[in-house]
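Let's take a walk through this protein model together. Have a look at the sequence and the 3D view first, then read on.

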Amino acid sequence: MTDDMTWYLRWTPTAERSKLNGTITLPADIWHGGIENGSDSTRIQSVKPGDTVTLTAAVDVKEVKERLEAIAGSFNVGTNEYSSIAITDPRCTFTAEFNIPGGFAVPDETAVQVSADGLGSCFDVTKTNISGRKITVTFGLKSGIDDYQKLYDAVNSTGIKTALTESENDTITFKITGLMVNGENKSDRDVLEIAGDVSGNFQAIATLDRNPDATSQGQSYYFAFTFKPSQTESGKDSNADSKNPISISYRLSKTRNLVLPGDMTTEGAADSRSIREVQPGGTLNYVGRLDVSSIKDQIDTMEGSEREHKIRNVKSSFRAVITLGDGLFSNADTGSVTLTDNDLFEISGVTVDGSAVTVDMTLKDDYTSFTKLKETVDSVSNILEVTVPVNVSASLPSAARITSIGSLSGMFSAEVVDEKGKVLYEPSFTWMAKQAGEGTASALGNGKDDAQSENDNDTIAYTVKTPSLFRLPGDISVLEGDKEITENDAIYNTNVGDPMVFIGSLDVSSIISQIDTISGSYGNPDNISLTDAEGKPGVTFGFTLKIKFPDGVTIAPGAKAEAVSPTFGESAFVIRSSEMNGQELTVTFGLADDSVDTFDKLSKTVHQVGYSDSERVMKIRFSGITVTGAGQQTVTVESLQGNFFANAKNVEGTVKPFNFTWIGVQSTAGGLLSDILGEGKDAAQAADDNTTIAFTFDAAPLPIPVPVPVQPENRPVVPSGNSGNPTPIVVRRMTTINGSGSKPATEQLPTISGSDGDEPVDQTLPTIDGSIRTGDDQNMVLWFVFMAAAGAALVAFLARKRERNGK
């Protein structure tokens, strides 16, 4: 031989060797967690996707230790003689296997860790293998064991204290960490069972030779034992499969994602599909709706074993988000947003971020009893509604469409625990809403927005639009006798002190035509019911006129606008109010009968307006005005606007809202010309202003008053208490000297009447060229002046009269 060689010898038992063999059943168990959790093996542990689990498998090796003592007893030696028993070819292996089911990720060698405790000085981990879903751990006997004492000491060094062996150090454990739950291809509440097996064998030849020099082979035993595990009854879980030697179970708590029917509408809307018309500058309440019946059904599924246990960490929330379209905005807060009255949820927060209004809702109470939770859930309406106040921008143009988008989402989670507080199951589900559409079984019905794309069946949307704006031609005229004068080609002339009566006219034929068009769209307008903006029977109607009078007119106290018969109809429209505030007149109009709740009534009402079918014009008269200031002045319509709204529903249930908004503009060829009113633009109006309704007049001042001449026989006399001694009048005469300077010259005139004294009355009379002008000469001059002025005023008045009559 040129090198070292190793020789392996094997033998078979001979007649001189006795056989000791058999199967040793080892009590075994698997539990959740580490070594310290040995009492947690009967519980089916709740796990969720993303969780990692740790498990510990354990075997009780006490019987192995006892069997070694029995073998030693076969030699009839004391413990102090164990070293004299030779051990030849000892071999022992343990193999632990774990099969990982679906619902767990395939074990990864880099993530899964395997360790053992209680091996003592007897065993070493010789191999760990992960193949697919099987994890195998192999333990081998340490080398150097060549006598029974060494074998006995090695075996008795194994074991630690665990719940499996109570106070004895007889447990060998195998711990696996890093198993990942993914829940793939599994459903909520599925049970995932990890099966384990611990097997092994032990064999050796033990020989006791008391006389080594003799030819006898001595006393020899060949022993070979196999090991198998047996699941302890105390650690067996309710799901354990008898086919598996040992096992541990997990209940998958997989979040269920629910899709709930949702919808969005506005308070007072006939339905959630129709495009609702809204007034610029107005307000309305948006309503997000969610059918929660399927959530209630999910709670019902917990009525099994969970109902017998306590629950904790119950969490549930809703979030509603309304993203408002351009032209809508909200100042919502927790005080203005409302939720369907219920005992389960409450509004916990409201935030407004630009166009998005977010409403959060959470549970009102904490729950530890499933029974109480279910009773509360059952009491909640199947339809929950969140109402958010929304403002419509006053600057929106007419016929503008604004679509808002809604979303509703939420979650529920809880822990079902046993009497020790260990989690048995974690029910969890989330939800989101999609539009309740055609064919839905939800009580919401088909709420898909009429303006929505045909292919979009998920988005929760609601569309509103501003009403079509009607520009109605109007005019102001002045009434002279039975003639209405609009003065479109010349400024109207009048005089200070004259009374004036104004007529306001509005051509409403386009509104009546529009109502007729809607009536025709139904085919047969009979039995069409009408509801107003609040959903009550009737219609929403009204318009307001504001006229500004100039400061140069005085308006009699109590003056009011009056309807010109028959333009308001016999029982169609009335003036609701007529009020003066300074020089501003405000007139409001309404329906004479608020119970117009059918289209038939509405049609009959509006067709009463005007003089005839060809003259659909409404007129008001305003009198009690007196011109008090001279010069050019203008009466102006500051605003003339109104609206007409109703939801029309036929017997088939089809709802069509109609909404008209109108403003009054001047009837003029330069803008909107009424065939009934004709050209009425004020002559004084700017050339580029074809909308303002106005009336300009020019008031002439009163003639200058002329003094009444003093006649000779009425010459002033100062009364005197002494009738026998009249007091003379002293007249000072102004004498002009060369046109410069003057000096009064006093003459005593004949006594006219007396006074208590004899003092003369000082009276100065005008003089011409130094002579006193008295008597008939002076009176004639004054008379001619008066007559000339009066004649001129009369000529001017007659000229203006002829000019007006000529028109």
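A salt bridge here is a side-chain nitrogen of Lys or Arg within 4 Å of a carboxyl oxygen of Asp or Glu. Keep in mind that you are looking at a predicted model.

With that rule in hand, the count comes to 20 salt bridges. Some of them join up: K48, D51 and E426 are linked in a network of salt bridges.

| Salt bridge | N to O distance |
|---|---|
| R289 and E385 | 2.9 Å |
| R319 and D360 | 2.6 Å |
| K601 and D597 | 3.2 Å |

Where do R289 and E385 sit in the chain? R289 belongs to strand β14 (residues 283-291) and E385 to strand β20 (residues 383-392), so this pair links distant parts of the chain, 96 residues apart. E385 counts as partly exposed because its relative accessibility is 27%.

R319 is partly exposed, at 42% relative accessibility. As for the last pair, K601 has 38% relative accessibility and is partly exposed, and D597 is partly exposed too, at 26%.

Now for the inside. In soluble globular proteins, nonpolar side chains tend to be buried together. The largest nonpolar core in this model has 60 residues, and F98, Y148 and L179 have the most contacts inside it. Strand β9 (residues 191-208) gives the most to this core, with seven residues. Among the residues that F98 touches are I30, L55, F174 and I176. There's also a second, separate core of 57 residues, including I485 and F697.

Helices can have a buried side as well. In helix α1 (residues 62-73), the buried residues are V64, K65, L68, I71 and A72. They cover an arc of only 115° around the axis, so they're on the same side of α1. Helix α6 (residues 599-606) has F599, L602, T605 and V606 buried; their arc is only 125°, which puts them on the same side of α6.

Last stop: S330, in the loop between β16 (328-329) and β17 (338-339). S330 counts as buried because its relative accessibility is 8%, and buried means under 20%. Its side chain reaches the backbone nitrogen of A332 at 3.1 Å, while the backbone oxygen of P389 lies 2.7 Å from a polar atom of the S330 side chain.

Terms used: Residues numbered from 1 in each chain as written. Predicted model: local features only at pLDDT ≥ 70, side-chain atom pairs only at ≥ 80, totals over all residues. Heavy atoms only, no water. Core = buried A, V, L, I, M, F, W, Y, C linked by side-chain atoms within 4.5 Å. Buried < 20%, exposed > 50% of the residue type's maximum accessible area, 1.4 Å probe, protein only. Helix = DSSP H or I, 4+ residues; strand = E, 2+ residues; numbered from the N terminus. Contact = heavy atoms within 4.5 Å. Polar contact = N/O pair within 3.5 Å; in protein donor to acceptor, adjacent residues only side chain to side chain. Arc of directions from axis to C-beta. Lists of a residue's contacts leave out its neighbours within four places in sequence.
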